[in-house]
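Hello,

Here is the structure I promised to pass on. Please have a look, then read my notes below.

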Amino acid sequence: MTTYGTIPTSSSPASNLEYITRAKERIKAGLGSRYPWKIMFDIHTLKLPANFKEAVTRIKNNVVYFRMNYAIIVLLVLFLSLLWHPISLIVFIVMMFAWLFLYFLRDEPLVLFNHIIDDRVVLIMMSVLTLLFLFFTDATENLLVALLIGAVVVLVHAALRKTDDLFLDEESTGLMTATATAPPPPPAASSSS
């Protein structure tokens, strides 16, 4: 008896467990591409900038280096602001799944119509779409306050954190010129297929 062309329909508990394990490994690997919070919030790297030009340079370098960490912070502030708006919270949770799959958990670059889409473009587009969908709900005031708080937190941290220990890769930033190469990404869980 041949089973050529049939699709197996059994869903054994072992295969479900394997699927959950692979999903957990993928989440760890995806979130492992952000830089560790320990590096970001090292108290010894915080110092007031000497002048406005140095603050702007620090902000540019830190935003590029910690962009995934900053995105997580802003999204967390947005989430907390929507706890008392159930419809907005549902929209936000749906958008969070889109964020996970399109930005945080991708292993390969996003390809659309045979063109590679840069991470910065994905970050900007996901931010715009999230805000656009949330503005259609009745939480506009909460959103504006949350975005203001998130922006202030990011800008204050980026201005205060020294960039002496950060090494930016010219290809990944596209904004600065650096003499050193980027350190290897933080260790991520290996996934076996």
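**Pocket and helix packing**

The second largest pocket has a volume of about 500 Å³. A pocket here is an open set of points on a 1 Å grid over the protein atoms alone, where a 1.4 Å probe fits, with protein on both sides within 12 Å along at least five of seven lines. Points are joined across faces, edges and corners, and the volume is the space filled by probe spheres set on them.

This is a predicted model: local features need pLDDT of at least 70, side-chain atom pairs count only at pLDDT 80 or more, and totals for chains, interfaces and linings use all residues. Residues are numbered from 1 along each chain as its sequence is written, and side-chain values use heavy atoms, without hydrogens and water.

The pocket lining has 22 residues (an atom within 4 Å of a point). Tyr70, Ala71, Val74, Leu123 and Ser127 lie nearest the centre. Helix 3, helix 4 (67–81), helix 6 (119–135) and helix 7 each give two or more residues to the lining. By class, 17 are nonpolar, three polar and two charged.

Helix 4 also packs against helix 5 (residues 86–104), at about 170 degrees, with axes 11 Å apart. Over 145 counts as roughly antiparallel, so helix 4 is roughly antiparallel to helix 5. The contact has 12 nonpolar residues, no polar and one charged.

Helix 3 (residues 52–65) and helix 7 (residues 140–160) pack at about 110 degrees, axes 7 Å apart. That makes them roughly perpendicular (65 to 115 degrees).

Best wishes

Terms used: Axes are lines fitted to C-alpha atoms, for helices over the stretch in contact, and angles run from 0 to 180 degrees between N-to-C directions. Helices (H or I, at least four residues) and strands (E, at least two) are DSSP runs, numbered from the N terminus. Angles under 35 degrees count as roughly parallel, over 145 as roughly antiparallel, 65 to 115 as roughly perpendicular and the rest as oblique. Ala, Val, Leu, Ile, Met, Phe, Trp, Tyr, Cys and Pro count as nonpolar, Asp, Glu, Lys and Arg as charged, and the others, Gly among them, as polar.
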